[in-house]
Amino acid sequence: MVEADLDLVLEMLEGLHRESRLLLVDPEGSIAQELLALLRDDPRFKVDLIRDPMEALSKLEQDRYDIVLIAGEVGEFSGEEFARLVRTGPRHRLTPVIFVERGERDRDRVREAFEAGGYDVIFLPIRREELISRLENMTRINHLQQRLMELNHRLAQLANYDALTGVANRRHFLDRFRLEVERARRYHRPLGVLLLDIDHFKRINDNHGHQAGDEVLRWLGKLLRENFRKVDLIGRLGGEEFMVLLPETSPEGLAKAAERFRARVAADPLFFQGEEIPFTISIGGLSRVPGEEETASTLYSEADALLYEAKRAGRNCIRLPAGHPAPPAS
Ligand code: GH3
Ligand code: MG
Ligand code: MG
């Protein structure tokens, strides 16, 4: 973690010297002319001038900018309205917006601009040094905000996902499981649950070593992520036990998905250090609209009992509740 922190600091320092990308929106063009003359030949700033406000908004959807400069009124919008539109785009929710106007520095105007979400107001004429300092400050703010968002995202990943397999960890998965059960019950939608466990995993560790065991887990994580849908939720509940939630999935659909995955795992051994390591999984599963008394915990217990039956039946197979459509033969 110390090393990661150092990397971060180095990245941040580097960010401070990165070039700054500015989008300048000026339908009329005269403010732009003055700004561009001041910034000319300065390699730190790369300015895209766009006259048409609608075109500017679509450019903001495609590209990342460090600062958006709004010159006075922009077409049919006031500068404030336009700033609001900039912030509604997902890429630029936090990008500093600066209003550029001609005239004396006016306190009421500055307050208005800040209230409208502006980060600064630049009044022309302005000295080159002051302009550059203001732009550098805003660029720094933007880079730090970007880093903070990335870091938050990384921390959320670390806190919620299992590092070895890339699927949700137990705590995060169970939180989501409770939520999905609530949702399915409230809207009377079926929710599918598959509990999977690697067969004789202890033997894999014993015969091939613990590192090979870890690779099997990693491989299974990858297969799970690749073979289920984006809306399905995958979690590692512990050791070599995983669960998949399949929202909106009928009992027939669940049986098919379970059998397809069981067969896929059995057919797709891991190759590790030149050695083939075949393995199989057993699955306990069910799908239904959760009843009033049912919770994530009762569904988990039920799936666990079915998984136990699958183990007793000889492993590498699926057990579903009585009356549930059977998996297709394969
Ligand atoms: P069964 O078919 O009945 O499921 O047998 P099994 O051997 O898979 O089950 P058992 O519960 O007896 O053993 C599970 C083993 O999983 C024991 C434990 O050492 C191993 N294990 C748990 N977590 C990890 C891990 O993160 N990495 C590795 N390599 N092994 C793990
Ligand atoms: Mg096992
Ligand atoms: Mg187990």
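Mentor: A crossover is right-handed if, with the strands pointing away from the viewer, the path from the first strand over the helix to the second runs clockwise. Please bear in mind that the model is predicted.

Trainee: What makes β3, helix α4 and β4 a right-handed β-α-β unit?

Mentor: The path from the first strand over the helix to the second must run clockwise in that view. The unit of β3, helix α4 (residues 79-88) and β4 is assigned as right-handed, so its path meets that criterion. The crossover from β4 through helix α5 (residues 107-115) to β5 is right-handed as well.

Trainee: How do you know that β3 pairs with β4?

Mentor: Pairing requires at least two bridges. β3 and β4 are joined by 4 bridges and run parallel, so they pair. Within β4, I98 is the bridge partner of L69.

Trainee: What makes β4 and β5 a pair?

Mentor: There are 5 bridges between these parallel strands, against a requirement of at least two, and therefore they pair. R102 stands opposite L124 in β5.

Trainee: Why are the buried residues of α2 said to lie on the same side?

Mentor: The buried residues of helix α2 (residues 30-39) are I31, A32 and L35. They cover an arc of only 95 degrees around the axis, which places them on the same side of α2. The buried residues of α2 pack against β1, β2, β3, β4 and β5.

Trainee: Which exposed residues does the face turned away from the buried side of α2 carry?

Mentor: That face carries S30, Q33 and A37.

How values were computed: Residues numbered from 1 in each chain as written. Chains lettered and ligands numbered in written order. Predicted model: local features only at pLDDT ≥ 70, side-chain atom pairs only at ≥ 80, totals over all residues. Buried ≥ 20, exposed ≤ 12 C-beta atoms within 10 Å, placed from the backbone. Helix = DSSP H or I, 4+ residues; strand = E, 2+ residues; numbered from the N terminus. Arc of directions from axis to C-beta. Contact = placed C-beta atoms within 7 Å.
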